Amino acid sequence: MSELTLVSENKCCDGKQLRYRHFSSSTQCEMTFSVFLPSGASEQNQVPVLYWLSGLTCTDENFIQKAGAQKLASQLGIAIVAPDTSPRGDEVPDVKESWDIGKGAGFYVNATQQPWSKHYNMYDYVVDELPRLIKENFPVNHKQAISGHSMGGHGALICAIKNPNNYTSVSAFAPIANPSQCPWGHKAFGLYLGDKKADWTEYDSCELIKQKGMALPMLVDQGDADEFLAEQLNFNNLQQACETAGVSAEIRMQPGYDHSYFFIASYIDEHLAFHHQYLKS
C-alpha cells in the first residue's frame, strides 16, 4: 500500500477537502490527488465516489477550486477524487516549449514509446492504482462514477467504455471526443503511442463506441461558443458514433458557453445529480 502524505486539509460544505501526495507504481514518480469527503462519511457510512479528470495544463486543484461541486456533493453524500493530469518531477520527460504535450498533458494513456513509457501511464493510474488506493485509505464503498473536462472528458469516456464494470455512469464536459482526428490527438498519440494509428483507436472514444458501444448511462455537455470546438473536439463525430452504434446517450449543445470553468460551474450540479441516481441505486 502506497504511503500517503497529507498536503492540505480544509473544511468545506460541512465535509473535508483533502490533498495528498504519494509515490505511484504506475507513473514511477510522486503523484498528487485531491479528495472531497462529504459530511457524514465514515467507516460505518461509506460513500460512493465520483472520479474527475481534468484537462490540458490543469492539476487536481483546478476542479476543486473552480467548479463549486462540493456543496451538492456533500448534500448527496458523494466523495470526489481529482487526480493530477500527468506525471510530474525533474526525472519526468517534458516538452517545455509546448503546453499541449508532456507535463500537464498525459492524455490518460499508457505510453509505449521512449522516453515516455516509464512515467506516462495515466490510464493504469486512473483505472487501477488510484481507485485501489482510495478504497484502502478512505471511507468509500464499491460504487464509482467518472467525469471530466476536455482532455479529461476524453479520459473519462475511454475509461468508462473500456471498463464498464468499474463505473455506474460517465459524463463529460467538452471532451476531446475523437483524438485520432484532431491536432491535439495527433501530437500526443504520435509521441506517446507511435506512428501506428491502429494503436490510437484504443484511446479514442468515437472509435471505441463504434467497436464496443457504450454500456453505461452517459451525459455530455458542449458549449457552442467553445474556441476549440471546430478544430479539436469533434462533437459531431461523437454524436454520429453514438447514433451508428445505437447508443442512447444524453449529448447536449449548450448555447453561449465556452471551454472555461464558468461552463463547468454552470452545469456541474446537473452532472452530480445525473451520477447520483446511479451511484445510489
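Student: Which residues do ring pairs link into a cluster?
Tutor: Trp52, Phe63, Phe173, Tyr257, Phe263 and Tyr267 are joined into a cluster by ring pairs. Keep in mind that this is a predicted model.

Student: How many aromatic pairs are there by this rule?
Tutor: The count comes to 18 aromatic pairs. One of them is phenylalanine 173 with phenylalanine 263: the ring centres are 5.6 Å apart and the planes are at 85°, so the pair is edge-to-face.

Student: Where do phenylalanine 173 and phenylalanine 263 lie?
Tutor: Phenylalanine 173 is in strand E7 (residues 170–173) and phenylalanine 263 is in helix H10, so the pair ties together parts that are 90 residues apart in sequence.

Student: Is phenylalanine 173 buried or exposed? And phenylalanine 263, buried or exposed?
Tutor: Phenylalanine 173 counts as buried, at 0% relative accessibility. Phenylalanine 263 counts as buried at 0% as well.
Tutor: Another edge-to-face pair is phenylalanine 189 with tryptophan 200, 5.9 Å centre to centre and with 70° between the planes. This pair links distant parts of the chain, with phenylalanine 189 in helix H5 and tryptophan 200 in helix H6 (residues 197–200), eleven residues apart. Both phenylalanine 189 and tryptophan 200 are buried.

Student: Back to helix H10. Which histidine is found there?
Tutor: Histidine 271, in H10 (residues 261–279). Histidine 271 has a relative accessible area of 1%, so it is buried.

Student: What is histidine 271 in contact with, leaving aside its neighbours within four places in sequence?
Tutor: The contacts are Ser147, Ser171, Ala172, Phe173, Leu219 and Asp221. Phe173 is also in the ring cluster.

Student: Asp221 has a charge. Which residues do salt bridges that share partners join with Asp221?
Tutor: Start with one bridge. Glutamate 250 forms a salt bridge with arginine 252, and the closest N and O atoms are 3.6 Å apart. Salt bridges with shared partners join Asp221, Glu250, Arg252 and Glu270 into one network.

Student: Glutamate 250, buried or partly exposed? Arginine 252, buried or partly exposed?
Tutor: Glutamate 250 is partly exposed, with a relative accessible area of 39%. Arginine 252 is at 19%, and the cut-off for buried is under 20%, so arginine 252 counts as buried.

Student: How many salt bridges does the count come to?
Tutor: Eleven, by this rule. Among them is the one between lysine 187 and aspartate 100, at 2.7 Å from N to O. That pair links distant parts of the chain: lysine 187 is in helix H5 (residues 183–193) and aspartate 100 is in the loop between E5 and helix H3 (122–137), 87 residues apart. Lysine 187 is partly exposed at 33% relative accessibility, while aspartate 100 counts as buried at 10%.

Student: What does the charged end of lysine 162 sit over?
Tutor: The ring of tyrosine 203, 5.2 Å from its centre. Lysine 162 also lies over the face of tyrosine 123, at 5.5 Å from the ring centre.

Student: New topic: helix H9. Which residues are buried there?
Tutor: In H9 (residues 235–245), Phe235, Leu238, Ala241 and Cys242 are buried. Seen down the axis of H9, the buried residues fall within an arc of 125°, so they line one face of the helix.

Student: Which exposed residues does the face turned away from the buried side of H9 carry?
Tutor: Asn236, Gln240, Glu243 and Thr244.

Student: What covers the buried residues of H9?
Tutor: The cover includes helix H4 (151–162), helix H7 (205–212), strand E8 (218–223), helix H8 (229–233) and strand E9 (250–254). After H9 comes glycine 246, which has a positive phi, near 70°.

Student: And the strands? How many bridges join E2 to E3?
Tutor: Nine bridges join E2 (residues 15–24) to E3, and the two run antiparallel. E2 and E3 form a hairpin with four residues between them, and glutamine 28 in the turn has a positive phi of about 55°.

Student: Which strand pairs with E3 over four bridges?
Tutor: Strand E5 (residues 79–83), also in the antiparallel sense. Serine 34 of E3 is the bridge partner of arginine 19, and in E5 the bridge partner of serine 34 is alanine 82.

Key. Residues numbered from 1 in each chain as written. Predicted model: local features only at pLDDT ≥ 70, side-chain atom pairs only at ≥ 80, totals over all residues. Heavy atoms only, no water. Pairing = 2+ DSSP bridges. Buried < 20%, exposed > 50% of the residue type's maximum accessible area, 1.4 Å probe, protein only. Arc of directions from axis to C-beta. Contact = heavy atoms within 4.5 Å. Salt bridge = Lys/Arg side-chain N within 4 Å of Asp/Glu carboxyl O. Phe/Tyr/Trp six-rings, centres within 6.5 Å; stacked < 30°, edge-to-face > 60°. Lys NZ or Arg CZ within 6 Å of the ring centre and 35° of its normal.
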